[in-house]
Each structure stands twice: as C-alpha cells, then as structure tokens.
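These are my notebook entries on one chain. I set down what I looked up, entry by entry.

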Amino acid sequence: MFTKIIATGAYVPEQTVTNDDLAAIMETSDEWIRTRTGIRERHLFEENENEKALRAAAQASEQAIKMAEEKGFSREEIDLIIVATSTPDFTFPAEACLLSDRLGLPGRAAFDISLACTGFLAAFSTASAYLASGMYKNALVVGVDVMSRLLDFSDRSTAILFGDGAGAVILSSDERFREGAESGVQGSILRSDGSRGSVLSYDPIYKNGEGKGSFFMEGRAVFEFAVREVPKLIKDLLSGSGAKDQAETGSTAEAESKAGDEASELKPDDRGACKEAIKPELYVLHQANYRIIEAVAKRLKEPMDKFPYNIDRYANTTAATIPMLLDELLRSGRLRDGEEVVMAGFGAGLSLGAILFRW
Ligand code: UT7
C-alpha cells in the first residue's frame, strides 16, 4: 500500500507585523531579530477576530481541495481529517470536527493532535499509517496555530519568534495517483524526551478566562537540542540505523559550529525508518530559526540550497511551518517528480519528527 501527497494549501492572516512594529512596543530591534533568527516579519490575527484557527484551517484546506480537484479528486473522497494544533479555538470540541463541518464533509473521522511544532509531522505519520493499513483512503492533514493567542508582548525573548498561519495537505492511497512506481511516503520517525518538557511550555491557567497563561522557553536549550538531534534523526531515517544513548551540552555558538556525527541522547524508535541510504534533494525543516536551519545543513554536510525557507516572512507558525513551506515549494515548481524530500521538525515535548517521501 502506498500513500502520497496529492495537494497542498496554505493561509496566513492579513495583518503583517514587522520587526520595527515590535521594536515600537518592546525593547528589541530589527537588527537583533534578523541576525539572531532570520525573521523580518510575521502575520498575526487582529485581537478581536473570531474562529481564528478554524478560518485559517478552512482556507488552507479549501486551497488544497481545489488543487486536488484539478487532478480529478472530489472533496467527498476525504474520509479522515486530522488537525495538528496547540492553539485550537476551543479546548473541545476538536478543531477537526468543526473543520469537517465547515468543509461540508459531515460524518468523517476527525480528531486533533497536540505536539506543538512537531504536531504536523505526528498528524502526517498518523494519517499515512491509517492509509497504509487500508482503514481510510484519503486524508486531509492540517497544521494550524494562532500563536498570537499565547504571546506575551512584554516578553521580547519569545514574542518576536512566532506568527499565525495554517498549512494543509491531502494524502491519498488511491492507485490513480501513483504516477511513479516508487513515489509516496517512504518512512517516518517520531521521538520524544518528556524529561525536558519544562524547557518549552505554556501553562494556560484554567481560571474563567482571567489573565493570560504563561509561556516559558529556555531558548538556548531548545536551540541546542534542535541542532544536535535533528541531523541525527534525519540520518537515522535515511539509513535505518539506530543511535546510541549519550548526552551532550554546549552553547548555541558551539552547537552551530560543530559539524560532527555525535550519538543521540534519545532512545530511537526506528519503526518506519528506511532501509537503504538515500540522498534527498530537499529538506523541508521546521522554521524556528534560520541559524538552526544553517547548523542542521552543516551537520548533514549538505548545501544550503537544499534547505528552502520562509521564516523571514512568516516567523515560526508552530504546527503550520512545514505544510506552509511545502505548499510554496509545490506551487513554485520546486518539487520535481522522483525527487526525495525530507520533512523534519522539533519542538515542545521535547519532541522530534522526520518523514521521507518521494515526489
Ligand atoms: O519551535 C521551537 C520554538 N523555539 C525555538 O525554536 C527557540 C530556539 N532558540 C532560539 O531561536 C534562540 O535561542 C533565540 C533566538 C530565542 C535567542 O537567541 P540566542 O542567541 O540564544 O540569545 P540569548 O537567549 O542567549 O540572548 C542573548 C541576549 C540576552 O542579553 P544578555 O543577557 O546577553 O545581556 C537577551 O536578554 O539577547 C537578549 N535578547 C534580546 N535582545 C533584543 C533576548 N531577546 C531579545 C530581543 N531583542 N528580542
């Protein structure tokens, strides 16, 4: 059984907020934000807008459905809807149930997955496992986050990093989309280290909506985790080999400059990893910091032109970064038939995920 991405879509809210706009309300500067993160601007919902996550998810989904329809697919064929989000409109009902209704697709299997920035990869893996099992045939997988809901604009260390957005893909196991014999999802790995959950957390404070919750992030620890673990995860995915259990610490500068092959401190779960060494053409990484992308490229000994990015325009949209970038690549003709593509990300958990597919 094969599973393949047949269409993508993306959405960001209209309001653009530049670094200079943020510098007007907090002690920061365009120069600091650009050089430390690569971000120039982000899109944020206006505070008084409603149904933010639902509207973003629905717009991205409609775009994906339109693209799929141009290939002879009908929206009625979607039988599974999974939404990855940490910022749903409601704690319950699940965003996916509301989205199913908004898209005119009642009665579908629909549920949310919460794994912060790794959420889209978890949702995608779940959908592709369902499709591979034959239980469902066509899945709509959405990554959506309204980070403006959580941000504290008096905290410059986190408020500058995030944006709002949504990305969607339609995954199909229908033989009519099997254009190349070997096309489709080739493997996936998810890992987590809950002992480091406190490094990146949001406490919503369930108190009749009084006050805001608290956002906590040890930026350097997350940076170092990403630079150390993402390359190893990708190597494990591509080779099918396991990783040893060994810790390593260091500054962000050290993490960026080292280009070694250190062992992972996480126990691997290599189910679904590929069996032969593969050299991908593109790496679609979670967009958290341009310097992280550069450091991952360096550790993988791959050129930067294999690492497309859009963090400069959208900042970190959490579960939406990877499907939003994928949509851009597909619409600009950058994804070419037969090419291998890795999607990889990391985030709160701490968690990690990587998926390989052949376009
Ligand atoms: O999807 C996962 C979500 N999270 C992440 O991906 C975060 C990953 N981490 C990072 O991207 C980086 O660690 C940051 C961009 C958050 C920070 O960069 P850094 O190079 O690790 O800087 P730092 O935290 O070590 O801070 C350096 C200095 C500090 O001042 P002092 O103590 O050296 O005087 C900060 O107070 O920069 C200061 N600083 C700022 N200055 C201007 C922190 N935030 C700002 C700011 N504007 N917005």
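I took helices (H or I, at least four residues) and strands (E, at least two) as DSSP runs, numbered from the N terminus. With that convention, I placed Ala315 in the loop between α10 and α11.

**Entry 1. Basis of the model**

I worked from a predicted model, in which local features need pLDDT of at least 70, side-chain atom pairs count only at pLDDT 80 or more, and totals for chains, interfaces and linings use all residues. Residues are numbered from 1 along each chain as its sequence is written, and side-chain values use heavy atoms, with hydrogens and water left out. I read pLDDT as the predictor's confidence in each residue, from 0 to 100. The chain averages a pLDDT of 90, and 87% of the residues score at least 70. Over residues 242-250 the pLDDT is below 50, yet this stretch has 27 contacts in the model beyond near neighbours in sequence; contact means heavy atoms within 4.5 Å.

**Entry 2. The chain as a whole**

I recorded 11 helices and 13 strands. Of the 359 residues, 56% count as buried. I used these limits: buried is under 20% relative accessible area, exposed is over 50%, and partly exposed is in between (1.4 Å probe, protein chains only). Among contacts between residues at least 6 apart in sequence, 76% join residues at least 24 apart.

**Entry 3. Backbone exceptions**

Most residues other than glycine have a negative phi, and most peptide bonds are trans. Ala315 is buried, with a relative accessible area of 1%. Glu51, in the loop between β3 (41-43) and α3, also has a positive phi, near 50°. Glu51 is partly exposed, because its relative accessible area is 35%.

I then noted two cis peptide bonds. One runs from Phe92 to Pro93, with omega near 5°, and Pro93 lies in the loop between β4 and α4. Another joins Gly349 and Leu350, with omega about -10°; Leu350 is in the loop between β12 and β13 (351-358).

**Entry 4. Helix α4**

Which residues of α4 (residues 95-102) are buried? I found Glu95, Ala96, Leu99 and Ser100. Seen down the axis of α4, they fall within an arc of 140°, so they line one face of the helix; the arc is that of the directions from the helix axis to the C-beta atoms. These buried residues pack against α3 (52-69), β4 (80-84), β5 and β6 (138-146).

I followed β5 (residues 109-113) to Ala109. Ala109 touches Asp79, Leu80, Ile81 and Tyr136, not counting residues up to four places away in sequence.

Helix α11 (residues 321-331) is mostly covered, with 9 of its 11 residues buried. Among them are Ile322, Met324, Asp327 and Leu330. Gly333 follows α11 and has a positive phi, near 80°.

In the loop between α10 (311-314) and α11 I looked up Thr318. Thr318 counts as buried because its relative accessibility is 3%. Leaving aside neighbours within four places in sequence, Thr318 is in contact with Ala116, Cys117, Asp145, Met147, Phe162 and His286.

I searched on a 1 Å grid over the protein atoms alone: a cavity is a set of points where a 1.4 Å probe fits but cannot get out, a pocket is an open set with protein on both sides within 12 Å along at least five of seven lines, and lining residues have an atom within 4 Å of a point. Grid points are joined across faces, edges and corners, and a volume is the space filled by probe spheres set on the points.

The whole structure holds 2 cavities of 30 Å³ or more. The second largest cavity has a volume of about 40 Å³. His286 is one of its lining residues, as are Val230, Leu285 and Phe346. The largest share of this lining, 3 residues, comes from β12.

The second largest pocket has a volume of about 260 Å³. Its lining has 13 residues, of which Phe45, Glu46, Glu47, Ser148 and Phe153 lie nearest its centre.
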